[in-house]
Amino acid sequence: TSSQRVLTGIERLDTMLGGQGYFQGSSILVTGTAGTGKTSLASAFVQSTCQRGGKCLFFAFEEPISQIIRNMRSIGMDLKQWLDADLLKIHAARPTSFGMEMHLLTMYNLVKEFNPEAVIIDPISNLSSVGGDEEVKSILTRFVDFLKGANITTVFTDLTIGKAVGEYTETAISSLMDTWILLRNIETSGERNRALFVLKSRGMNHSNQVREFILSSDGVELTDAYRGPEGVLMGSAKAIQETLDREEAAKRVQELKGRKRSFEAKRAALEAQMAVLKQDMVTMNQEMAAVEAEAKSQKQSLAKGRNDMAKIRKAD
């Protein structure tokens, strides 16, 4: 069991997973309904693995190679460059092409031949078309054990259908997984937006926060969902609420500035009054000093007059 970590290809997801990404050699399950971005999330890990010089083996049970390359290019990921550099190998096959054991044998042989650091299986739910849940679980259990023994990090995607809760897998393999990421489409304000959260990630202190999962021509991004009295907002509803919050904050800033100006005006008036009073105090002190000096002079003059009179009268 390795304690080394590998980046997911999405910076905010690395942060959610203890700040360092997946454990090397762990099994990661990505579940969600159609259109939630499961393949995109897995491809972000492909991109990250190949960028650092690692080899990745991609088993595609739903889309042909050309379609995967085209679709990922639309969200800023060029997988063809890794194919050309022999860092990525995509094996695309319909599940109905072979039986379960043949699929397992093919995957074994390709892993041994290509010797990858990471493996993607997208999606495992399609294997149910050629075997029952117990058979699929048995095959996947054997493959997971094989990959763990080789210290290969593996991402499994699983399509969930018609399950409101979402914490469910058709093949019931969630207990085999070290990390489980759930993707959802959340409908708010007349639009559907993608959300991501980590259901579990063994051996690390992971985030329990919901993040908005955005796919654009600039790539894959996780952003904070707005959490307010009306619940979680995403998409345009989030943008509108953030605009209202900014306007309210700006209004409060202007109110505070107005109150500050009022206080400063009052302080200036009080300081002016204090200056006048201080000047009055100085003037009064000068007048008092003049009066005291005059009184002292008069007293000295009277004393001198008495002394002069006494001398004239030749008094004792």
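The structure is a predicted model, in which local features need pLDDT of at least 70 and side-chain atom pairs count only at pLDDT 80 or more, while totals for chains, interfaces and linings use all residues. Residues are numbered from 1 along each chain as its sequence is written, and side-chain values use heavy atoms, with hydrogens and water left out.

The chain holds seven helices and 13 strands, taken as DSSP runs (H or I, at least four residues, for helices; E, at least two, for strands) and numbered from the N terminus. Of its 316 residues, 40% are buried, where buried means under 20% relative accessible area, exposed over 50%, and partly exposed in between (1.4 Å probe, protein chains only). Among contacts (heavy atoms within 4.5 Å) with a separation of 6 or more, 67% join residues 24 or more positions apart.

Turning to the aromatic residues, a search of the whole structure gives five aromatic pairs. Rings of Phe, Tyr and Trp (its six-membered ring) pair if their centres lie within 6.5 Å; planes under 30 degrees apart count as stacked, over 60 as edge-to-face and the rest as tilted. Tyr 22 and Phe 45 make an edge-to-face pair, because their ring centres are 5.4 Å apart and their planes stand at 85 degrees. Since Tyr 22 belongs to strand E2 (residues 22-23) and Phe 45 to helix H2 (residues 38-51), this pair ties together parts 23 residues apart in sequence. Tyr 22 is buried at 1% relative accessibility, and Phe 45 is buried at 0%. Another pair, Phe 143 and Phe 146, is stacked, with 6.2 Å centre to centre and 25 degrees between the planes. Both residues lie in helix H6, three residues apart, about one turn of the helix. Phe 143 is buried, at 0% relative accessible area, whereas Phe 146 is partly exposed at 23%. Together with Phe 59 and Tyr 108, Phe 143 and Phe 146 form one aromatic cluster.

Two loop residues complete the picture. Asn 126 sits in the loop between strand E6 (118-122) and helix H6 (133-149), and is buried at 19% relative accessibility. Not counting residues up to four places away in sequence, Asn 126 touches Phe 61, Glu 62 and Pro 95. Its C-alpha atom is 8.4 Å from that of Arg 94, which is 32 residues away along the chain. Phe 98 occupies the loop between strand E5 (88-92) and helix H5 (100-114), and is partly exposed, with a relative accessible area of 39%.
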